[in-house]
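I opened a new notebook page for this structure. The entries below record what I looked up.

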Amino acid sequence: MGSQTNQHDGEQVRVWCDGCYDMVHFGHANSLRQAKAMGDYLIVGVHTDEEITKHKGPPVFTQEERYKMVRAIKWVDEVIEGAPYVTTIETLDQYNCNFCVHGDDITMTADGVDTYHIVKAAKRYKECKRTEGVSTTDLVGRMLLMTRQHQQVGEAEYLVERGHSDSLGTDASARSPWTGVTQFLPTTQKIIQFSSGLTPKPGDKIVYVAGAFDLFHVGHLDFLEKARQEGDFLVVGLHTDPVVNRYKGANYPIMNLHERVLSVLACKYVSEVVIGAPYSVTSDLMDQLKVDLVCHGMSEIMPDADGSDPYLEAKKRDKFKLLDSGNDMTTQRIVERIIEHRLDYEVRNKKKEKKEKAAFAAYMKAKAEGRLNIDQICVE
């Protein structure tokens, strides 16, 4: 990772970020990208399952899975496991960090205390812009709504359009200033910001993989790490939403094409992405990208719409290889985890909205009274 030009008197500027990083998505990655741009070396503290459960509710991923996911984000230089939930001066000093960076949303403890009140009071806190249109809460909601458990029957069946808005935040009526989400609108600039901008060097072995890479997770990560070890330059083809829906069914993909592109681009093993790649790896694609090897994981290879083998061309050229990543995590298994703990997540989302609504009200009151320099805003 290239060092930024943020030197002060020749000293390296060390930046601290922390969080749960549950179901790591491009919103997390974007905040870390912005944080890295404020300094030279980015250290990310990740909370334990126990701390997250205490303050927010059960995480979807285990702490070991979350540590691995954050380490693979290309702007992260170092991960600290088991970071405290409330950021302290002692933590910043222990890792020689100049300041802490967090998004411009409010994060609270179980007691309703701003988790950054100490570093804010010490003026060792900076904000970056939160990525509109994505949150873990929203992704959980998308998964819950794909099950039949949310359907209303009997006299309640006509109330479906109003159901779940308060707890899932997935439609227009659920939008709130605190935990609500808006549709993510991609721009070419955002894709450029995430892209490495690298091109293959002469003699580089180019590896190509393709898929949905929906809800980017540790299974994808381990597969991409293995694929990257097969060559020097890894290109990932992302299938369009209709193509993914054809072979996955239900309301897959959970994340749309542009969301999936950014999630994959944030991975340090990935060199380039083909947006809307053809399902079958064609001779044109292999020739244009100068592909030396096409890889696929151990999951079932679904035929193309006409019943043909999507890897036939690569096999004809003797440039196809199956890779065993050793990780059996799938997007389906994540969805099953969510469904299994459905009520827990709905309660978590409701609690989160209630706390943040109260925090926002307290913040606005303090702002109106001209006392925003107080050490903390505590909400009962």
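**Ground rules.** I am working with a predicted model, in which local features need pLDDT of at least 70, side-chain atom pairs count only at pLDDT 80 or more, and totals for chains, interfaces and linings use all residues. Residues are numbered from 1 along each chain as its sequence is written, and side-chain values use heavy atoms, with hydrogens and water left out.

**Cores.** I looked up the nonpolar cores, meaning sets of buried Ala, Val, Leu, Ile, Met, Phe, Trp, Tyr and Cys residues joined through side-chain atoms within 4.5 Å. Buried stands for under 20% relative accessible area, exposed for over 50%, and partly exposed for what is in between (1.4 Å probe, protein chains only). The largest core has 63 residues, and Met23, Val44, Val209, Phe213, Leu224 and Val236 have the most contacts inside it. This core lies between domain 1 (12-147 + 332-372) and domain 2 (188-322), because both give residues to it; the domain bounds come from an automatic or database domain assignment. A second, separate core has 14 residues, among them Val235, Val281, Val291 and Phe320.

**Val44.** I listed its contacts (heavy atoms within 4.5 Å). Leaving aside neighbours within four places in sequence, Val44 touches residues including Cys17, Tyr21, Leu32 and Val70.

**Tyr21 and Leu215.** Most residues other than glycine have a negative phi. Tyr21 has a positive phi of about 50 degrees, and so does Leu215. I found Tyr21 in the loop between strand 1 (14-19) and helix 1 (26-37); helices (H or I, at least four residues) and strands (E, at least two) are DSSP runs, numbered from the N terminus. Leu215 is in the loop between strand 6 (206-211) and helix 9. Tyr21 is buried at a relative accessible area of 7%, and Leu215 is buried at 4%.

**Pro253.** The peptide bond from Tyr252 to Pro253 is cis, with omega near 0 degrees. Pro253 sits in the loop between helix 10 (241-248) and helix 11 (257-265).

**Lys74.** The side chain of Lys74 does reach the backbone oxygen of Leu265 at 2.9 Å.

**Salt bridges.** The rule is a side-chain nitrogen of Lys or Arg within 4 Å of a carboxyl oxygen of Asp or Glu. By this rule I get 15 salt bridges. Glu230 pairs with Lys321, the closest N and O atoms being 3.1 Å apart. That pair links distant parts of the chain, 91 residues apart: Glu230 is in the loop between helix 9 and strand 7 (233-238), and Lys321 is in strand 10. Lys321 is partly exposed at 35% relative accessibility.

Arg246 and Asp304 form a salt bridge at 3.7 Å, N to O. Arg246 is in helix 10 and Asp304 in the loop between strand 9 (293-296) and helix 13 (312-316), so the pair ties together parts 58 residues apart in sequence.

Arg317 forms a salt bridge with Asp287, with the closest N and O atoms 2.9 Å apart. Arg317 is partly exposed at 27%, and Asp287 is partly exposed at 45%. Salt bridges that share partners join Asp287, Glu313 and Arg317 into one network.

Note on methods. A polar contact is a pair of N or O atoms within 3.5 Å; within protein, one must be able to donate a hydrogen and the other to accept it, and residues adjacent in sequence count only if both atoms are side-chain atoms.
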